[in-house]
Amino acid sequence: MKILVTGGAGYIGSVVVADLIKLGHQVKVFDDLSTGHEDAIDPAATFINGSMLDKLALASALHNCEAVIHFAAKSLVGESVTNPELYWNTNLIGTKNLLTAMVQADVRKIVFSSTAAVYGDPLSSPITETAQTIPKSPYGESKLAVDDLLSEFCQSEKFAAISLRYFNVAGAVGNLGERHSPETHLIPNILSAVLNSEHIFEIYGDSWPTKDGTCIRDYIHVADLSVAHVKALTKLTHGTHHILNLGTETGSSVLDVVAAVEAVTGKKVETQISSPRDGDPAILVTSNKLAKEILGWEPVYDLPKIVEDAYEFMKANR
Ligand code: UFG
């Protein structure tokens, strides 16, 4: 299949691109390198350096494509609270540009990176796709707006769409791993405290309503997540928008993750408690029943494997 991958130079996008190439697909990567890295793009993919706000560049990138996997977005909860405009422009306007260009090019198949952040503070756990969506951050709001837009395009333009709502993606596949600057994510931050004695790991709040007072998340290996994208491409149906949560159904607190890092690395993690971060929900753990049913997918990796792979990646890329 000929596939356009927006954001294919980013952490998750680059892993998916490598998997697509391995399976024999022809891939074009469209990325402005604002947070991605050119050296993360599989050399067998064609790279187009372009912005989601550039309608002409999008139109030309779609030439000869059959489907799109759309990762290109801003994705930090905290940053979206301080700079919401960046999130509305890149995530909503950028996607609107892409969908309009797709109609013009008659490319009507899309797999979209949505997020658990659309659910806000869920009323019950594990979260299913029918749960109320009340995002706590502009990031979650902008992704929810795109999910709604995709439903409309499936109705009015006979798009075939699957939104994949990621829970906490982590781990690495060989030399493809998290390289954010600044790094805000939990597992790289704990590992960085292990690898650098001057870095003390900060726990954002220890009086959340959870078993040990720290936030609980559902960590999923980027390799498992990638497989779900590849399967989603084969399940696209015109006129239908599937929304699927991707996670492992296992909740780990920040302290559980610290313990997993200590077990994997054999090193003690220095921690300090700081204030809770704006926009953080206390607990996000998903059901993955619907994803299993629709995609025929099952995550295979657990938290120790996620930490192990992220640790190997970080040691090699310090
Ligand atoms: N945390 C710390 N210290 C850190 C970093 C994080 O205590 O240095 C805590 C956070 O407060 C949170 C948990 O660790 O409770 C996970 O934080 P991350 O920043 O790793 O991830 P988030 O849950 O904030 O967000 C991630 C993605 C979002 C996605 C969300 C879905 O960045 O895009 O998972 O669950 F929406």
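1. From which domains does the shell around the ligand draw at least three residues each? Domain 1 (2–169 + 220–245) and domain 2 (171–218 + 249–285 + 300–316) each contribute at least three residues to that shell; the domain bounds come from an automatic or database domain assignment.

2. On provenance, this is a predicted model, in which local features need pLDDT of at least 70 and side-chain atom pairs count only at pLDDT 80 or more, while totals for chains, interfaces and linings use all residues. Residues are numbered from 1 along each chain as its sequence is written, and side-chain values use heavy atoms, with hydrogens and water left out.

3. The ligand is surrounded by 23 residues, of which the closest are T115, N168, R217, R277 and D280; a residue is near the ligand if one of its heavy atoms lies within 4 Å of it. By class, the shell consists of 13 nonpolar, 6 polar and 4 charged residues. Here Ala, Val, Leu, Ile, Met, Phe, Trp, Tyr, Cys and Pro count as nonpolar, Asp, Glu, Lys and Arg as charged, and the others, Gly among them, as polar.

4. Strand 8 (201–204) and helix 6 (186–195) each supply at least two residues of the shell. The largest share, 4 residues, comes from strand 8. Helices (H or I, at least four residues) and strands (E, at least two) are DSSP runs, numbered from the N terminus.

5. An N or O atom in the side chain of N168 is 2.6 Å from a ligand oxygen, and a polar side-chain atom of N189 lies 3.0 Å from a ligand oxygen. From T184, a backbone N or O atom lies 3.4 Å from an oxygen of the ligand. Of the 690 Å² of accessible area that the ligand has on its own, the protein covers 94% (Shrake-Rupley method, 1.4 Å probe).

6. The protein chain contains 10 helices and 14 strands. Its C-alpha atoms fill a box of roughly 55 × 40 × 35 Å along the principal axes. Of its 318 residues, 54% count as buried, that is, under 20% relative accessible area (1.4 Å probe, protein chains only).

Technical notes: Polar contact = N/O pair within 3.5 Å; in protein donor to acceptor, adjacent residues only side chain to side chain. Buried < 20%, exposed > 50% of the residue type's maximum accessible area, 1.4 Å probe, protein only.
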